[in-house]
Amino acid sequence: MAFGVILVIYIVSGYFYYESTKFGGDAGIFPKMVSGAIIVINTIYLYQTLKERKKITEETKARDRAESLKPSKQFYVITAISILYVLLLPPIGFLILTPLYLISIMFFLGGKKKSIVFISSIVFTIVIYFFFNSLLNIEIPKGVLKL
């Protein structure tokens, strides 16, 4: 099951990367970076899954095989949120959707202090926005704001 999910993520990320090559100029850099990051994270997950699988002894393998190879609930939720983020990014826009995405991921992963979660997600979004818009002159999806 885990390998099927990993394969689907590779296919989706590869598709997004391929589609971003069709953008003119530098507009495709950000989608390529996001697709590349997802591929790297997926590869890390694949490595961890293979490493964990190797650790299991023959005795426990028979008993716990189905349970240990099953991806965690966190993996499914974060993957679903990330796919939703990628799909909603063009219509809603980077400045609105990214802080919501980061806040939801941080709270889901156990962020306790609300002020740190909110401030860090907003600061990160603003820094990335100005980095791409001002320094690299790369247009980030504006969505409904049209800034």
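## Basis of the model

The model is predicted, so local features need pLDDT of at least 70 and side-chain atom pairs count only at pLDDT 80 or more, while totals for chains, interfaces and linings use all residues. Residues are numbered from 1 along each chain as its sequence is written, and side-chain values use heavy atoms, with hydrogens and water left out.

## The largest pocket

Rolling a probe the size of a water molecule over the atoms shows where empty space is left. The search uses a 1 Å grid over the protein atoms alone; a pocket is an open set of points with protein on both sides within 12 Å along at least five of seven lines, a cavity is a set of points where a 1.4 Å probe fits but cannot get out, and lining residues have an atom within 4 Å of a point. Grid points are joined across faces, edges and corners, and a volume is the space filled by probe spheres set on the points.

The largest pocket has a volume of about 840 Å³. Its lining holds 30 residues, and those closest to the centre are Ile38, Ile41, Ile78, Ser82 and Tyr101. Two or more lining residues come from each of helix H1 (2-20), H2, helix H4 (73-92), helix H5 (94-108) and helix H6 (114-135). Helices (H or I, at least four residues) are DSSP runs, numbered from the N terminus. H2 gives the largest share of this lining, ten residues. By class, 22 lining residues are nonpolar, eight are polar and none is charged. Here Ala, Val, Leu, Ile, Met, Phe, Trp, Tyr, Cys and Pro count as nonpolar, Asp, Glu, Lys and Arg as charged, and the others, Gly among them, as polar.

## The second largest pocket

The second largest pocket has about 450 Å³ of space. Of its 18 lining residues, Phe23, Pro31, Val86, Leu89 and Pro90 lie nearest the centre. H1, H2 and H4 are the elements that give two or more residues to this lining, and H2 gives the most, with five. The lining of the second largest pocket divides into 14 nonpolar, two polar and two charged residues.

## Nonpolar cores

A nonpolar core is a set of buried Ala, Val, Leu, Ile, Met, Phe, Trp, Tyr and Cys residues joined through side-chain atoms within 4.5 Å. Buried means under 20% relative accessible area, exposed over 50%, and partly exposed in between (1.4 Å probe, protein chains only). The largest core has 13 residues, of which Phe30, Tyr85, Leu89, Phe94, Tyr101, Phe132 and Ile140 touch the most other members. H4, H5 and H6 each supply at least two residues of this core, and the largest share, five residues, comes from H5.

Leaving out residues up to four places away in sequence, Phe94 touches Phe30, Tyr85, Leu89, Pro99, Thr125, Ile128, Tyr129, Ile140 and Pro141; contact means heavy atoms within 4.5 Å. A second, separate core of six residues includes Ala2, Val5, Ile9 and Tyr45.

Ser35 is in helix H2 (residues 29-55) and is buried, at 4% relative accessible area. Not counting residues up to four places away in sequence, Ser35 touches Ser13, Phe16 and Tyr17.

Leu46 also lies in helix H2, but counts as partly exposed at 21% relative accessibility. Its contacts, apart from neighbours within four places in sequence, are Phe3, Ile6 and Tyr10. Leu46 and Ile6 are 40 residues apart along the chain, and their C-alpha atoms are separated by 6.9 Å.

Asn137 is in the segment after H6. Its phi is near 55°, a positive value in a residue other than glycine. Asn137 counts as exposed, at 62% relative accessibility.

## Salt bridge

Side chains of opposite charge can pair when their charged atoms come close. A salt bridge is a side-chain nitrogen of Lys or Arg within 4 Å of a carboxyl oxygen of Asp or Glu, and the count comes to one. The side chains of Glu19 and Lys22 meet in a salt bridge (3.3 Å, N to O). Glu19 is partly exposed at 24%, and Lys22 is exposed at 52%.

## Cavities

The count comes to two cavities of 30 Å³ or more. The largest cavity has about 60 Å³ of space. Ten residues line the largest cavity, with Phe94, Leu95, Tyr129, Pro141 and Lys142 nearest its centre. H5 provides the largest share of this lining, three residues. By class, the lining of the largest cavity has eight nonpolar, one polar and one charged residues.
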